[in-house]
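Subject: Structure for you to look at

Hi,

Here is the structure I promised to pass on. Have a look at it first, then read my notes below.

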Amino acid sequence: MPELPEVEVVRRGLADHVLGRKVAEATVAHPRAVRRHVEGTADFAARLVGHTISGVRRRGKYLWLELDHADDGDDAVLAHLGMSGQMLVADADRPDETHLRVRLRFADAGPELRFVDQRTFGGLSVHPLVPAAGGGLVPAPVAHIARDPMDPAFDLDEAVAAIRRRRTGLKRALLDQTVVSGIGNIYADEALWRARLHGARPTESLTRGQGRAVLGAATAVMAEALTAGGTSFDALYVNVNGASGYFDRSLAVYGQADRPCPRCGTPIRRDAFMNRSSYTCPRCQPRPRNPHP
């Protein structure tokens, strides 16, 4: 699943190409792509046509296009990228992609916006903008999502306090989008390695300094990934122009099982974790004696 850097790469590309443009036509090629829009395909298209994209926003891993005057509480198109969703900007005469699901054409007759999704786990839906718990206006389905470490309004001390209140394993807390958003499996493992902490560390035993260290590490590694265009493990993770990121070349532990730790040379360990995998250095990140169950 794309994490904060990958979604931010897409957001920036959309801001460059679709901001301020009026939607002239919205075509849904596969109804599953708008299944989260409960009013149906025709309503989805009608809610877009004639409206101008006034903002391209993100909170954590969530991306949306604001329509018209968002500050007055208008709608937004929420994009779920899922496992393989792509938001592509393409000239109208470019052949359709095999897995094209939704197409937006604009009144200026310039490049169109295409939502392509091979596995159809993602989708688009229109929702009202509502006040979020952490401040600001967001689409209603993501009102519960916390701010992320790269948000200018992110409160580091409050996030650390929220993690320490969770009574769970540290990695589980980092992945909880209601505590701190944007961090997924890849960057959690990288941040924990940088902070020399094990993901099974009980959050109630975490010091404030350690909490600041791991969130600082998460911020740093995601910033580096963003500079590299994100992490792409296959051709499905691309920006709006179809280009892949290359931060996978810089990963210290994630996906590096049995390879030497870049810091101490100990072989990286892979463990099962929540139907996924966790990667740690057994020497730099010793497992706690009393890990959280």
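By salt bridge I mean a side-chain nitrogen of Lys or Arg within 4 Å of a carboxyl oxygen of Asp or Glu. Both residues also belong to a salt-bridge network that links Glu25, Arg94, Asp96, Glu97, Arg103, Arg105, Glu112 and Arg114.

Before going on, some ground rules: this is a predicted model, in which local features need pLDDT of at least 70 and side-chain atom pairs count only at pLDDT 80 or more, while totals for chains, interfaces and linings use all residues. Residues are numbered from 1 along each chain as its sequence is written, and side-chain values use heavy atoms, with hydrogens and water left out.

Now the overall picture. The protein chain has 6 helices and 11 strands; helices (H or I, at least four residues) and strands (E, at least two) are DSSP runs, numbered from the N terminus. Its radius of gyration is 20 Å, close to the 19 Å that the globule rule gives for 293 residues, so the chain is as compact as a globular protein of that length. (That radius is taken over C-alpha atoms, and the rule is 2.2 Å times the number of residues to the power 0.38.) Of the 293 residues, 53% count as buried.

Back to salt bridges, of which the whole structure has 23. One of them joins the side chains of Arg58 and Asp148 at 2.9 Å, N to O. Arg58 sits in strand β2 and Asp148 in the loop between β9 (137-139) and α3, so this pair ties together parts that are 90 residues apart in sequence. Both Arg58 and Asp148 are buried. Another salt bridge runs between Asp189 and Lys171, with the closest N and O atoms 2.7 Å apart. It links helix α5, which holds Asp189, to helix α4, which holds Lys171, 18 residues apart. Asp189 counts as buried at 2% relative accessibility, and Lys171 is buried with a relative accessible area of 1%.

Next, the strands. Strand β2 (residues 53-59) runs antiparallel to β3, joined to it by 6 bridges; two strands pair if DSSP finds at least two bridges between them. Ile53 has Leu67 as its bridge partner in β3. The hairpin of β2 and β3 has 2 residues between the strands, and Gly60 there takes a positive phi near 60°. On to β4 (residues 75-80): 4 bridges join this strand to β3, again antiparallel, and Leu65 stands opposite Val77. As for β3 itself (residues 62-67), 5 of its 6 residues are buried.

Which residues have the most contacts inside the largest nonpolar core? They are Ile163, Leu174, Ile183, Val214 and Leu215, in a core of 39 residues. (A nonpolar core is a set of buried Ala, Val, Leu, Ile, Met, Phe, Trp, Tyr and Cys residues joined through side-chain atoms within 4.5 Å.) Helices α3 (156-164), α4 (170-175), α5 (185-195) and α6 (208-227) each supply at least two residues of this core. Apart from it lies another core, of 29 residues, among them Leu14, Ala79, Val102 and Leu124.

Cheers

Key. Buried means under 20% relative accessible area, exposed over 50%, partly exposed in between (1.4 Å probe, protein chains only).
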